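Biologist: I am new to this structure. Please show me how to read its features.

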Amino acid sequence: QVQLVESGGGLVQPGGSLRLSCEAPGSIFSADAMGWYRQAPGKRREWVAGITSGGRPTGFKDSVKGRFTISRDNSKNTVYLQMDNLKPEDTAVYYCNSMSRRLDWGQGTQVTVSS
């Protein structure tokens, strides 16, 4: 049904920044609360941040508080994750998903933080 597409990942040095985007071509999720998740090699997927349908952040994983910002532009049907002061432990594949209705996971976007 809904195809989630994440983009914006890449290789950065510790202390660097990335901005991730989440879109669903052909589908609308502006009425959904949305979240960002990540999965590191050998570990289970974990929740990172959430945002209401109206654009109010609802929470962050403790280890990313003060460094990550979640936002959305419903006119573009897009959710963003701004990541600043990245650390090696942030290395993972990042995914987005609805927190109102659990959709199939997309392919994610790889974030690698390494010197």
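Modeller: Start with burial. Buried means under 20% relative accessible area, exposed over 50%, and partly exposed in between, using a 1.4 Å probe and protein chains only. I51 has a relative accessible area of 0%, so I51 is buried. This is a predicted model: local features need pLDDT of at least 70, side-chain atom pairs count only at pLDDT 80 or more, and totals for chains, interfaces and linings use all residues. Residues are numbered from 1 along each chain as its sequence is written, and side-chain values use heavy atoms, with hydrogens and water left out.

Biologist: Where is I51 placed?

Modeller: Strands (E, at least two residues) and helices (H or I, at least four) are DSSP runs, numbered from the N terminus. I51 is in strand β5, residues 46–51. The protein has 10 strands and 0 helices.

Biologist: Which residues is I51 in contact with, leaving aside neighbours within four places in sequence?

Modeller: Contact means heavy atoms within 4.5 Å. With those neighbours set aside, I51 touches A33, M34, R56, P57, T58, I70, S71, R72 and V79.

Biologist: What share of the 115 residues is buried?

Modeller: Buried residues make up 44% of them. As for contacts with a separation of 6 or more, 52% come from residues 24 or more positions apart.

Biologist: How do I read a pair of aromatic rings?

Modeller: Take the distance of the centres and the angle of the planes. Rings of Phe, Tyr and Trp (its six-membered ring) pair if their centres lie within 6.5 Å; planes under 30 degrees apart count as stacked, over 60 as edge-to-face and the rest as tilted. A search of the whole structure finds 2 such pairs. In one, the rings of Y37 and W105 have centres 5.1 Å apart and planes at 85°, so the pair is edge-to-face.

Biologist: Where do Y37 and W105 lie?

Modeller: Y37 lies in strand β4 (residues 34–39), and W105 in the loop between β9 (92–98) and β10 (109–113), so the pair ties together parts that are 68 residues apart in sequence. Y37 is buried at 8% relative accessible area. W105 is partly exposed at 30%.

Biologist: What about Y95 and W105?

Modeller: Their ring centres are 5.9 Å apart and their planes at 75°, so this pair is edge-to-face. Y95 counts as buried, at 11% relative accessibility. Put together, Y37, Y95 and W105 form one aromatic cluster.
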